[in-house]
Amino acid sequence: MTRSQVIIRHCDSYNVDRIHNLIREGMQSLEIEPAGLTILKPNTVIAHQKYFPHAFTRPEFIDGYIRALKEYDSITELRFGERCGITIPTRHGFSDAGYYPVLKKNGVKPAHFEEMPQVERRLRHPDALRDLVYIPEMVDRCQFFANAPKFKAHPWTKITCALKNYMGLQDDNHRLIDHDHELEVKIVDLQEVIRNGFIAV
């Protein structure tokens with residue numbers, strides 16, 4: 001098994017230029033080259049600039065991440081995709097998070113996963129909770145997954161970060177399945193859906 005490399009850099013403010021440079025340097029250091037259909041996924045489970053300022057991936061962080069990704073001509077299409085918290089429309093979450101002005105400025109289209117066709121993805125792992133899971137058709141076609149989780153606490157999994165951010169790949173009907181004491185196992189199962197291309201927290 002190959003061990004993943006983790007890079008820790010100092011960044012004490014949400015300075016877009018600083019974030020852009022750190023993400024670019026990280027991808028260059030790991031010799032990562034995004035290509036094809038690329039999806040940048042934040043954590044927007046609950047987002048509000050005033051009431052929940054620390055619960056979602058900040059728009060400044062997304063701005064810097066997008067700028068780093070747009071330097072790669074090998075990306076044929078860059079989309080910003082997510083499914084917000086259960087019952088909350090993703091459009092509402094994106095608006096409250098302040099994402100739309102950032103996306104418009106950078107020429108990136110949003111992808112609201114619950115509004116897309118869902119497709120079956122069979123799981124091969126023998127210890128998977130289910131034989132298959134449902135994911136957005138766009139995620140099924142994705143060639144590079146750029147993960148932008150929010151590092152925070154969670155009552156069941158203790159923390160939420162890169163792996164748990166995969167919960168936002170499913171719409172409400174499928175997200176609720178095994179969203180209980182088996183949640184940690186479900187999170188592992190979802191890793192089979194698509195591999196992280198790059199994670200910036």
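1. The largest pocket holds about 1,400 Å³ of space. A pocket is an open set of points on a 1 Å grid over the protein atoms alone, with protein on both sides within 12 Å along at least five of seven lines; its volume is the space filled by probe spheres set on the points. Lining residues, which have an atom within 4 Å of a point, number 36 here, and Ile 7, Phe 198, Ile 199, Ala 200 and Val 201 are the closest to the centre.

2. This is a predicted model, in which local features need pLDDT of at least 70 and side-chain atom pairs count only at pLDDT 80 or more, while totals for linings use all residues. Residues are numbered from 1 along each chain as its sequence is written, and side-chain values use heavy atoms, without hydrogens and water.

3. The lining of the largest pocket comprises 22 nonpolar, nine polar and five charged residues. Asp, Glu, Lys and Arg count as charged; Ala, Val, Leu, Ile, Met, Phe, Trp, Tyr, Cys and Pro as nonpolar; the others, Gly among them, as polar.

4. The second largest pocket has about 250 Å³ of space. Its lining has 20 residues, with Val 45, His 154, Lys 164, Arg 175 and His 179 closest to the centre. By class, six are nonpolar, eight polar and six charged.

5. Val 201 lies in the segment after β9, a strand being a DSSP run (E) of at least two residues. Val 201 counts as exposed because its relative accessibility is 53%, the cut-off being over 50% with a 1.4 Å probe and protein chains only.

Conventions: On a 1 Å grid over the protein atoms alone, a cavity is a set of points where a 1.4 Å probe fits but cannot get out, and a pocket is an open set with protein on both sides within 12 Å along at least five of seven lines; lining residues have an atom within 4 Å of a point. Helices (H or I, at least four residues) and strands (E, at least two) are DSSP runs, numbered from the N terminus. Buried means under 20% relative accessible area, exposed over 50%, partly exposed in between (1.4 Å probe, protein chains only).
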